[in-house]
Amino acid sequence: MTEQAYIQTPLGVALLEGDTDGLQKVSVLDDANVAIDSVIPEILEDAAYQLGEYFEGKRDRFDLKLNPQGSEFQQKVWNALLEIPYGKRITYMDLAKRLGDPKAIRAVGVANGKNPLWIIVPCHRVVGAKGELTGYAGGLHRKAWLLEHESPNKQQSLF
């Protein structure tokens, strides 16, 4: 049976879903009018805890049992995303090359956009050819925030 939990993050309310086979989905919700769960289902406790550590700057990789649902190609792309180190960025072309087919850049981009495990599978670390922020299901403002959060050279505020 799939369990669900809503948790508050600095980027909005996140929905976690999973079962005994692993975490299936983590998504950020826009305009969420849901109650934040005070009691997280046991099966999702570790995911909620590790996400909390990530946002506190205490975790740079996740150690969770994952079970995202997708095609064989999508699974291949998502597994490649897991290989992108914390604080690093690659381009969509780099990702396509890593997968062995530079011509598959559009398909790689589509699969990247269908990643069901927000932050856990770091699709936010993939940028455009010139380093620009392109396409992000959670919104470009969230992608920018996540990249800044992971940056070894944090920008200092002038105010």
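1. Two aromatic rings, from Phe, Tyr or Trp, count as a pair if their centres lie within 6.5 Å. Planes over 60 degrees apart make a pair edge-to-face, and planes under 30 degrees apart make it stacked. The rest are tilted. With that in hand, note that this is a predicted model. The structure holds five aromatic pairs.

2. Start with Tyr 54 and Tyr 86. Their ring centres are 6.3 Å apart and their planes stand at 80°, so this pair is edge-to-face. The two residues come from distant parts of the chain, 32 residues apart. Tyr 54 sits in helix α1 (residues 42-55). Tyr 86 sits in the loop between α2 (72-81) and β4 (90-91).

3. Are these two tyrosines buried or exposed? Tyr 54 has a relative accessible area of 1%, so it is buried. Tyr 86 has a relative accessibility of 26%, so it counts as partly exposed. The cut-off for buried is under 20%.

4. Next, take Phe 55 and Trp 118. Here the centres are 6.2 Å apart and the planes are at 45°, so the pair is tilted. Phe 55 belongs to helix α1, while Trp 118 lies in the loop between α4 and β5, so the pair ties together parts 63 residues apart in sequence. Both Phe 55 and Trp 118 are buried.

5. Which residues do the ring pairs link into a cluster? The members are Tyr 54, Phe 55, Phe 62, Tyr 86, Trp 118 and Trp 145.

6. Now look at Cys 123. An unreviewed UniProt entry places the feature "active site" at this residue. Cys 123 lies in the loop between α4 (105-113) and β5 (126-127). Trp 118 lies in the loop between α4 and β5 too.

7. How covered is Cys 123? Its relative accessibility is 7%, so Cys 123 counts as buried. Which residues touch it, leaving aside neighbours within four places in sequence? Cys 123 is in contact with Leu 81, Asn 112, Asn 115 and Tyr 136.

8. Strand β2 (residues 12-19) pairs with β3 in the antiparallel sense, over seven bridges. A hairpin through two residues joins β2 to β3.

9. Strand β3 covers residues 22-29.

Methods:
Residues numbered from 1 in each chain as written. Predicted model: local features only at pLDDT ≥ 70, side-chain atom pairs only at ≥ 80, totals over all residues. Heavy atoms only, no water. UniProt positions renumbered as here; feature names shortened; annotations may be inferred. Helix = DSSP H or I, 4+ residues; strand = E, 2+ residues; numbered from the N terminus. Buried < 20%, exposed > 50% of the residue type's maximum accessible area, 1.4 Å probe, protein only. Contact = heavy atoms within 4.5 Å. Pairing = 2+ DSSP bridges. Phe/Tyr/Trp six-rings, centres within 6.5 Å; stacked < 30°, edge-to-face > 60°.
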